[in-house]
Amino acid sequence: MLFDMDGTLVDSERLWDVALAELAETYGGSLSVQARRAMVGTGMADSMRILHDDLGQPHRDPETSAAWINVRILELFRSGLQWRPGAVALLGAVRAARIPTALVTSSGRALVEIALDTLGRDSFDVVVCGDEVEATKPHPEPYLTAARLLDVPIGRCVAIEDSAIGVASAVAAGAAVLAVPAEVPLAPRDGVHLLESLLAADLELLAALLARPGT
């Protein structure tokens, strides 16, 4: 099992909303809804470029902006994270069944370490962070790396995602994909099973996804 983090297991996108809006304000502007949606699922560098372009300030240094965001989002994560509906039960069922499990996120290791206080450090056999791979989502590398570290063929893995960029990464890697949109609606896509909430997901569904032709 390969779980995305932000928006999939925990309701952290609202915290990113706060940090990004505050950064835009320090630059004398406001972040548009369209730009914020385009950031969902992206790595930090891409998100900062989107923010700068949206503000009409493409000259700004993405690394400087990322450093500001990293400090603020760490503060917000320490204030507490809330689980997405159904996430605790599904993750618990997966672990009880002793299914090899990875967390595959575009967030950096420092942030993930704080999130693991909520998620549980024994909830995953492997954790793949966005700053520990050469190419982030939508590139398939994060999911391929997780499957390799789990020593499980990617074709025998189910990836659970909430964003179009994350879904693209998992599909490109060759995993079966369960998509549960959070912040941004997802269009139907071949090979991707859409659910409104993880409350409707269970081990039987995950097994059925792997049993589909081509998986």
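This is a predicted model: local features need pLDDT of at least 70, side-chain atom pairs count only at pLDDT 80 or more; totals for chains, interfaces and linings use all residues.
Residues are numbered from 1 along each chain as its sequence is written, and side-chain values use heavy atoms, with hydrogens and water left out.

α1 spans residues 13-26 and α4 spans residues 62-78 (helices are DSSP runs of H or I with at least four residues, strands are E runs of at least two, both numbered from the N terminus). Their axes lie 9 Å apart, at an angle of about 140° (lines fitted to C-alpha atoms, for helices over the stretch in contact, with angles from 0 to 180 degrees between N-to-C directions). α1 and α4 are therefore oblique to each other (under 35 degrees is roughly parallel, over 145 roughly antiparallel, 65 to 115 roughly perpendicular, and the rest oblique).

On the α1 side, the residues that meet α4 are Leu15, Trp16, Val18, Ala19, Leu20, Glu22, Leu23 and Thr26; their counterparts in α4 are Ser65, Trp68, Ile69, Arg72, Ile73, Leu76 and Phe77 (contact means heavy atoms within 4.5 Å). Sorted by class, this contact has 11 nonpolar, 2 polar and 2 charged residues (Ala, Val, Leu, Ile, Met, Phe, Trp, Tyr, Cys and Pro count as nonpolar, Asp, Glu, Lys and Arg as charged, and the others, Gly among them, as polar).

Trp16, Leu20 and Leu23 from α1 meet Met44, Met48 and Leu51 from α3. This contact divides into 6 nonpolar, no polar and no charged residues.

Met48, in helix α3, deserves a look of its own. Met48 is buried, with a relative accessible area of 0% (buried is under 20%, exposed over 50%, partly exposed in between, using a 1.4 Å probe and protein chains only). Setting aside residues up to four places away in sequence, Met48 touches Leu20, Leu23, Pro62, Ser65, Ala66 and Ile69.

## Helix α6

Now follow α4 to α6 (residues 109-119): these two helices pack at about 5°, their axes 9 Å apart. That makes α4 roughly parallel to α6. Ile73, Leu74, Phe77 and Arg78 of α4 meet Ala110, Leu111, Ile114 and Ala115 of α6, giving 7 nonpolar, no polar and 1 charged residues.

Leu111, Val112, Ile114, Ala115, Leu116 and Leu119 in α6 are buried. Their cover includes α1, α4, α5 (87-96), β2 (102-104) and β3. Just after α6 comes Gly120, with a positive phi of about 100°.

## The sheet

An open sheet of 6 strands runs in the order β3-β2-β1-β4-β5-β6, with parallel pairing (two strands pair if DSSP finds at least two bridges between them). At the edges, β3 (126-128) and β6 (192-194) each pair on one side only.

Strand β4 (residues 158-161) pairs with β5 (residues 176-179) over 4 bridges in the parallel sense, and Glu161 has Ala179 in β5 as a bridge partner. Helix α9 (residues 203-211) packs on the sheet, touching β4, β5 and β6, at about 135° to the direction of β5. Helix α8 (residues 164-173) lies across β4, β5 and β6 and runs at about 165° to β5.
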